[in-house]
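Hi everyone, thanks for coming. Let me put the structure up on the screen before I say anything about it.

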Amino acid sequence: MSKKLYLFIFVTLALSMLLAACQPQTVIETVEVEKEKLVEVVTTVEVEVEKLVEVTAVPDQPKGDKTLIVWWSHWANEPAKRNFVEKVAADYEAANPDVDIVVTWWDKNPLRDAIRSTMTAGEGAPDITTFDTEMREWADAGWLMDLEDVLPWENFGPSFYNDGRYAGLDGVFKLNLSAAVDMVLVNPYIMEELGIELPESRQFTQAEFLDVVKQCNAAGYAGVANSIGNRPHTGRRVIEDIMVPYVGVDQFGRWLRGEESVDTPEFRKILEFNVELAEAGMYPDVYATMGIDEYHVYFHTQQKACFLFNPTWYTGRSFKPVEQGGQDPNFQFKFMLPPLIDGGVAPNNVRSGVESGYAILSSTKHPDVAKDILAFIGQPKYGALWTALTDSPSAILYDAATDWPSLEELEALGVESGKWDWYWEEFNYVYGELAELVVTSESVGCGNYGDAWVQALNEGIPQGLLTVDEAIELLDSNLCQ
Amino acid sequence: MSAEHLTISKPTKTTHKETQKPWGWILFFIAPLMIYYLIFVIYPVFATFYYSLFNITPKGGQIITTFVGFDNYLALLEDDIFIKKAVRNTLLWAFVGPTIEMITATTLAFLVYFKIPLHRFYRTAWFLPMLVSGVIVGLVFRWIFNVDWGLLNVTLRAIGLDQFALNWLGRRDTPIWVVIFVHFWSTFGYSFVLLLAGLTAIPDELLDAARIDGCNVVQAAWRVMLPLLRPTFVTVLVLSFMGKMRAFNVVWVLTEGKPLHFSETVATYIQKRAFGWGTLDMGYPSAMAVSWFLVVIVGVTLINRWLKRPVD
């Protein structure tokens, strides 16, 4: 063979490999979903094997003449929220036949990694994505489109407008669907078994709560079901929820953002109380390894804990068929306010805020359509639909008399009317009448401080791995500059 | 004898064309792999070196890249989590892990070589863990070490050893040892197979000679086979050392470096700093990766110099 022929074959092979490497790949996203499937089996609740979620890459071309919108969403294992998003997408497509919306379902961490990779690479990112307020760096990097002139803000409470804004940046970057409230769920059957009566104020004092935890532990129950197997916030929520009524939302915010030293008598008192609780058996033995889906089952089906500190997204994981890991509708838990440390300045304060929402990525080829979709969601009827489907409060204001979906619509979406009425009666009583909801952030300060906060309050104090002094020193040595 | 019979025929002179290596075909066959290697291995390595000299920060809607020289490397020396947890744990693992693995794998290789009962079964069984994905291994052992209902603690409680039913993954001292054990379980089969192959390659004549000279099995193994196994042993040790220095998937699934970074390794800490620290800066984690790359190179060089001697 001549040298020219060798060269020709070599160049052809090299080019073909390069072209092959540039083609989009189909990836089966199985790790996170498979982990949760296996975990659910181990907790001995019979669960349906969840269908593995197939992640498709961004298609290159729209189908026919239609505009293709790719939407990546969190909540892969929350059927009610999936129902909502798919309903909205279907409604938009019906109203706009020239638009095709493809929704891909993820678990949160793999989704964030994928957004980061695709936006950095400049290729493969969707048009719309799940967005959480703490991902400020996405906004700083210019990855998100400004929604200030897009969403009908008159349909949202003021805190939801502010949630998507960041100091030093112009614009509002997030569509919130849910108004989250930090709840304290209590198992009334265990309380009855132990002969403990809930106070009328639905709030234990510091001493009362410690005594209740001791009684729970003596009877073989954990104080709370909260654990930290696969989340950096589910354990520290207990301490943070107790912090807010004690020192008020402003002081809590300054500590959370790492703006000032935590070496104060108040912070020390909070940690000392939590050390007492931990020593009294507050946290389950499996605190270090039990994941977020597991601890819901631990609370509502296995009933191994007296309390659960969880925001309103509890319903997304629990108000689903039992065979999918949901709770029995007849398990009618109660709500309480967080326990009040002696000398608390804001006894009725209960944290409220947001959960995951949506944003438009700046790489979208169809910004007008993507914006139109988010504006479409901002209608009062979808606020009502959100609450009707997910049983969690909506960030979008609505009039229940006129905007609530009809029985036929709800039946078509698989909603059993009246099934969770007891939940709403209890919720409205405790968090509507007894509590004063105060908006707080979920976002801890800068990187190093954020890690220190998690180490101290999510891992160290609850597991007795850090003393109060060590926790305070860890936080103070990493304050945000 | 005639002069004709004494004629020595001259060797035929070979042409240049007949001795020339077929470079064309050589290139043809290795080109795909070389291109792949250049794009997916060499380029990322150089890119990591390059990024380690920069600070990459999103600001005002843009990503600002600033040259900082060796500042990222200097910052590593002040990073307590990196030095006191990640590096410490990884070096501990890189010392203890290969030691246990080499002793175990060598012993098992000898047992199979000397054909203990069921040696064919063991040859397969001991290699099987290598075939299981690291993610699955991590998941399964996370359950086994579960403090409440894990197989280990349930067994310990059943036989009256409640005091040993620890919170294996939730204490300061035990998680890193769980990680070391689980990784050992999943990888010792690889070392075992390579060492067994090395033993099988030793010529039988040498063993026969040793037997004739009066060596028993233990003496033959110690004085003849082990020295001859040295090159294979060193190679396997280097591979084991490198594997521990960069292991990620088992640790990540098992503990994610928790609690309080007590089971943190360099690989998991790089992952966190790169993707989970509320920043888009890749400069600092790149510096971590480069510095660790150099540490691994030094370690491999030391192992080779220390252990590789010619066999007499």
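This is a predicted model: local features need pLDDT of at least 70, side-chain atom pairs count only at pLDDT 80 or more; totals for chains, interfaces and linings use all residues.

Residues are numbered from 1 along each chain as its sequence is written, chains are lettered from A and ligands numbered from 1 in the order written, and side-chain values use heavy atoms, leaving out hydrogens and water.

So, the contact (heavy atoms within 4.5 Å): 43 residues of chain A take part, along with 44 of chain B. Together the chains bury about 3600 Å², with 65% of it on carbon and sulfur atoms; that is the accessible area, for a 1.4 Å probe, lost when the two are put together, summed over both. On chain A's side, Arg116(A), Thr289(A) and Leu465(A) supply 17% of the area buried against chain B, more than any other three residues.

How many salt bridges are there between chain A and chain B? The count is 1, taking a side-chain nitrogen of Lys or Arg within 4 Å of a carboxyl oxygen of Asp or Glu. Glu470(A) and Arg172(B) form a salt bridge through their side chains, at 3.6 Å from N to O.

Now chain B. Its C-alpha atoms fill a box of roughly 100 × 60 × 30 Å along the principal axes. Of its 312 residues, 41% count as buried, meaning under 20% relative accessible area (1.4 Å probe, protein chains only).

Conventions
Buried means under 20% relative accessible area, exposed over 50%, partly exposed in between (1.4 Å probe, protein chains only).
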